[in-house]
Amino acid sequence: MADIRNHMEHSYYKGSRERARQAVADALLIIRQMLVEALQEDPRATLGSKCWTALLENADLFEAELKTCRAMLENIDWETEAAARALSDFACPSCRSALIRQRDPANTMQQRAVLICSACGEEAELGPVLSQAFDETFGGETHIAVKDGGEPPISTCPECSEETFVIEEGRCAACDFALPEDAACAVCGSGLSAEEYYEHNALCSYHAHTASKDD
């Protein structure tokens, strides 16, 4: 919102109408909360009927478009529970708009999904969209895990290099890479991380290091 305001103050805004519309819709909630809860004022009376109605129409329009976009995403048979859980945090990597949808509304297969932003019109790769969404969806859990010395719920996929490998599900939400359930070090039998399995030829980090020193 601040970025849009700065551009508008200089009589020029290079973003899309939809992006500005989303910013106003987001601000509407804050405006209403401040007026009703903090100041105990009637928004319509304070802002004027014309202004308040325009804000509501803007929000309604954005919410209608968002609902359509979300319905298209929910139509996909997501290959991981993590991806399905993160749908509400999907956003365009280019303009950050939440108006991300499928190009083909009838498609139900994740690997055939082509994502496009209704705000800026840019196509979006699934990997970056999921990585960005996971940062929002699992950010709190990741912070707690790191703070307590545990394992974060999401890590880097060794195959596509996106932050989309779901630890609990043992697979990447964006590509086909999956960690076998019985993945273990060929020397000591300890369980392997996705990175160890992919990069160290089924050896844990310790024994991979030891083997490299012997070469």
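**Notes on the predicted model**

1. I30 sits in helix α2, which covers residues 17-38. The structure is a predicted model, and the points below should be read that way.

2. Is I30 buried, exposed or partly exposed? Its relative accessibility is 49%, so I30 counts as partly exposed. The cut-off matters here, because exposed means over 50% and buried means under 20%.

3. I30 also belongs to a nonpolar surface patch.

4. Now the overall make-up. The protein has nine helices and six strands. It has 215 residues, and 38% of them are buried.

5. Next, contacts along the chain. Take those between residues at least 6 apart in sequence: 44% of them join residues at least 24 apart.

6. Three of the strands make an open sheet. The order is β4-β5-β6, and the pairing is antiparallel. The edges are β4 (154-155) and β6 (171-172). Each edge strand pairs on one side only.

7. How many bridges join β4 to β5? Two, with the strands running antiparallel. Strand β5 spans residues 165-166. To find this pairing in the model, look for I154: the residue opposite is V166 in β5.

Conventions
Residues are numbered from 1 along each chain as its sequence is written. This is a predicted model: local features need pLDDT of at least 70, side-chain atom pairs count only at pLDDT 80 or more; totals for chains, interfaces and linings use all residues. Side-chain values use heavy atoms; hydrogens and water are left out. Helices (H or I, at least four residues) and strands (E, at least two) are DSSP runs, numbered from the N terminus. Buried means under 20% relative accessible area, exposed over 50%, partly exposed in between (1.4 Å probe, protein chains only). Contact means heavy atoms within 4.5 Å. Two strands pair if DSSP finds at least two bridges between them. Patches are made of residues with over 30% relative accessible area and no salt bridge: like charges are joined within 9 Å, nonpolar side chains (Val, Leu, Ile, Met, Phe, Trp, Tyr) within 5 Å. Accessible areas come from the Shrake-Rupley method with a 1.4 Å probe; for residues, only the protein chains shown count as cover. A salt bridge is a side-chain nitrogen of Lys or Arg within 4 Å of a carboxyl oxygen of Asp or Glu.
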